[in-house]
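Subject: Structure handover

Hi,

Here is the structure I promised. Please load it before reading on.

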Amino acid sequence: MDAVAKLSALAQPTRLEIYLAIAQATNGITSTEVADQTGTMPNNTSVHLAVLRNAGLVSSTKEGRSVIYKAKRDALRRLTTYLLESAN
């Protein structure tokens with residue numbers, strides 16, 4: 001469990017907002033849609049998405065000309081479980 005990478009990725013306010021936008025999109029979301037919803041510039045959005053993906057918090061799948069991002073909810077559950085169990 002790389003808890004530090006996951007927590008670091010979510011500690012940045014814009015990245016947290018981007019993660020939440022992805023998590024709310026049940027069928028996935030494109031980077032353009034993420035940028036529109038969060039008001040971030042597309043190039044900055046791409047950087048934040050890469051950090052979230054590298055931390056294992058989101059997945060990306062190419063569909064035609066678009067890349068669809070989805071939250072890896074199981075990764076967040078494992079992180080939460082790890083933190084709760086480690087606190088005891």
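My notes on it follow.

This is a predicted model, so local features need pLDDT of at least 70 and side-chain atom pairs count only at pLDDT 80 or more, while totals for chains, interfaces and linings use all residues. Residues are numbered from 1 along each chain as its sequence is written, and side-chain values use heavy atoms, with hydrogens and water left out.

Helix packing

Helices (H or I, at least four residues) and strands (E, at least two) are DSSP runs, numbered from the N terminus. Helix 1 and helix 2 pack at about 100°, with their axes 5 Å apart. Helix 1 is therefore roughly perpendicular to helix 2. Axes here are lines fitted to C-alpha atoms, for helices over the stretch in contact, and angles run from 0 to 180 degrees between N-to-C directions. Angles of 65 to 115 degrees count as roughly perpendicular, under 35 as roughly parallel, over 145 as roughly antiparallel, and the rest as oblique. Ser8, Ala9, Leu10 and Ala11 of helix 1 meet Pro13, Arg15, Leu16 and Tyr19 of helix 2. Contact means heavy atoms within 4.5 Å.

Glutamine 12 sits in the loop between these two helices. Its C-alpha atom is 9.3 Å from that of histidine 48, 36 residues away along the chain.

Core

The largest nonpolar core has 16 residues. Such a core is a set of buried Ala, Val, Leu, Ile, Met, Phe, Trp, Tyr and Cys residues joined through side-chain atoms within 4.5 Å. Buried means under 20% relative accessible area, exposed over 50%, partly exposed in between (1.4 Å probe, protein chains only). Tyr19, Ile22, Leu52 and Leu57 have the most contacts inside the core. Helix 2 gives the most to this core, with four residues. Not counting residues up to four places away in sequence, leucine 52 touches several residues, including Ala9, Tyr19 and Val58.

Hairpin

Strand 2 (residues 58-63) and strand 3 (residues 66-71) run antiparallel, joined by six bridges. Two strands pair if DSSP finds at least two bridges between them. Valine 58 stands opposite alanine 71. The hairpin has two residues between the strands, and glycine 64 takes a positive phi near 65°.

Salt bridge

How many salt bridges does a search of the whole structure find? One. Arginine 78 and aspartate 74 form a salt bridge at 3.1 Å, N to O. The term means a side-chain nitrogen of Lys or Arg within 4 Å of a carboxyl oxygen of Asp or Glu. Both residues lie in helix 5 (residues 73-86), four residues apart. Arginine 78 is partly exposed at 45%, and aspartate 74 is partly exposed at 39%.

Best wishes
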